[in-house]
Amino acid sequence: MTKKKLPTIKAEYLPGGAKRQELLDQVPGYLQSPGADQGTKHLFCLEVLKLTETEYLEALNKATNGGVMEAAWN
């Protein structure tokens with residue numbers, strides 16, 4: 001069985017890149033969109049977009065309108 005090749009992104013969207021914030025601003029919309037399950041989206045964000053866990057959790061919190069933080073506190 002062959003392993004699928006992961007897509008790559010341009011260097012300007014990687015950490016430290018000029019357009020990194022632009023990418024980070026789009027992630028909450030991606031997380032809200034229908035399609036793949038959240039586990040798959042989580043792996044995509046970490047492995048392809050090179051988000052840190054903190055960046056991912058911040059995007060997830062924005063996508064749920066603060067629901068992640070509220071659930072953590074209650």
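Modeller: The protein chain has 4 helices and 0 strands, so that its elements run α-α-α-α from the N terminus on; helices (H or I, at least four residues) and strands (E, at least two) are DSSP runs, numbered from the N terminus. This is a predicted model, in which local features need pLDDT of at least 70 and side-chain atom pairs count only at pLDDT 80 or more, while totals for chains, interfaces and linings use all residues. Residues are numbered from 1 along each chain as its sequence is written, and side-chain values use heavy atoms, with hydrogens and water left out.

With a relative accessible area of 6%, Arg20 is buried, where buried means under 20% relative accessible area, exposed over 50%, and partly exposed in between (1.4 Å probe, protein chains only). Of the 74 residues of the protein chain, 23% count as buried.

A search of the whole structure finds 1 salt bridge, that is, a side-chain nitrogen of Lys or Arg within 4 Å of a carboxyl oxygen of Asp or Glu. Arg20 forms this salt bridge with Glu55, and the closest N and O atoms are 2.9 Å apart. The pair links distant parts of the chain, since Arg20 belongs to helix H1 (residues 20–32) and Glu55 to helix H3, 35 residues apart.

The side chain of Arg20 also reaches the backbone oxygen of Tyr13 at 2.8 Å. This is a polar contact, meaning a pair of N or O atoms within 3.5 Å; within protein, one must be able to donate a hydrogen and the other to accept it, and residues adjacent in sequence count only if both atoms are side-chain atoms. Leaving aside neighbours within four places in sequence, Arg20 is in contact (heavy atoms within 4.5 Å) with Glu12, Tyr13, Leu14, Pro15, Leu49, Lys50, Leu51 and Glu55.

Several of these neighbours deserve a word of their own. Lys50 lies in the loop between helix H2 (38–47) and H3, and its phi is near 60 degrees, a positive value in a residue other than glycine. Most residues other than glycine have a negative phi.

In helix H3 (residues 53–63), the buried residues are Tyr56, Ala59, Leu60, Asn61 and Ala63. Leu31 touches Tyr56, Ala59, Leu60 and Ala63, along with Gln38, Lys41 and Cys45, not counting residues up to four places away in sequence.
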